[in-house]
Amino acid sequence: MTSRRRSTIAAPTASTLYYPRGVALDASSPQRLYVSDYSNYRVLGFDNAPAGDAVADVVIGQASFTTNALPAYGPNAIRAGRGLTVSPDNHLYVADSTHDRVLEFLSPYHRPPQRPRLRPELLHG
């Protein structure tokens, strides 16, 4: 995984970060790593990062790994993902400081097939 400097403009991918701001590990085995990718307005999830996997398997907050559209306020938007934490039951919480709220994603790796895009289940704030 690579991180770009603010002066570098390039399309996002599943293995790049643009101003990463927060990290969290879940309780699964093997552990999954989540990284808030602040300037791409998303959170990336890595299935086996502790073993060296540098390509994300899940993108949250964008339609795909290669988009970084500036989101308007809405229930699916992550404008300034700064802090991350994962509960013991593997629910991901994302602090969105621009929107003054915390988004809760219920077990992002175990979403039902009728919901292909990750959307927050609960909004706090």
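## Strand pairing

L84 stands opposite V94 in β8, a strand that spans residues 92–96 and is joined by 5 bridges to the antiparallel strand β7, residues 81–86. Two strands count as paired if DSSP finds at least two bridges between them, and strands themselves are DSSP runs of E with at least two residues, numbered from the N terminus. Between β7 and β8, which form a hairpin, there are 5 residues, and N90 in this turn has a positive phi of about 70 degrees.

## Basis of the model

This is a predicted model, in which local features need pLDDT of at least 70 and side-chain atom pairs count only at pLDDT 80 or more, whereas totals for chains, interfaces and linings use all residues. Residues are numbered from 1 along each chain as its sequence is written, and side-chain values use heavy atoms, with hydrogens and water left out.

## Residue D96

D96 lies in strand β8 and is buried, with a relative accessible area of 1%, where buried means under 20% relative accessible area (1.4 Å probe, protein chains only). Apart from neighbours within four places in sequence, D96 is in contact with A77, I78, R79, A80 and R101, contact meaning heavy atoms within 4.5 Å.

## Whole protein

The secondary structure comprises 0 helices and 10 strands. Of the 125 residues in the protein, 45% are buried, and among the contacts with a separation of 6 or more, 35% are between residues 24 or more positions apart. The protein exposes about 6400 Å², of which carbon and sulfur atoms supply 55%, with areas taken from the Shrake-Rupley method with a 1.4 Å probe.

Terms used: Helices (H or I, at least four residues) and strands (E, at least two) are DSSP runs, numbered from the N terminus. Buried means under 20% relative accessible area, exposed over 50%, partly exposed in between (1.4 Å probe, protein chains only).
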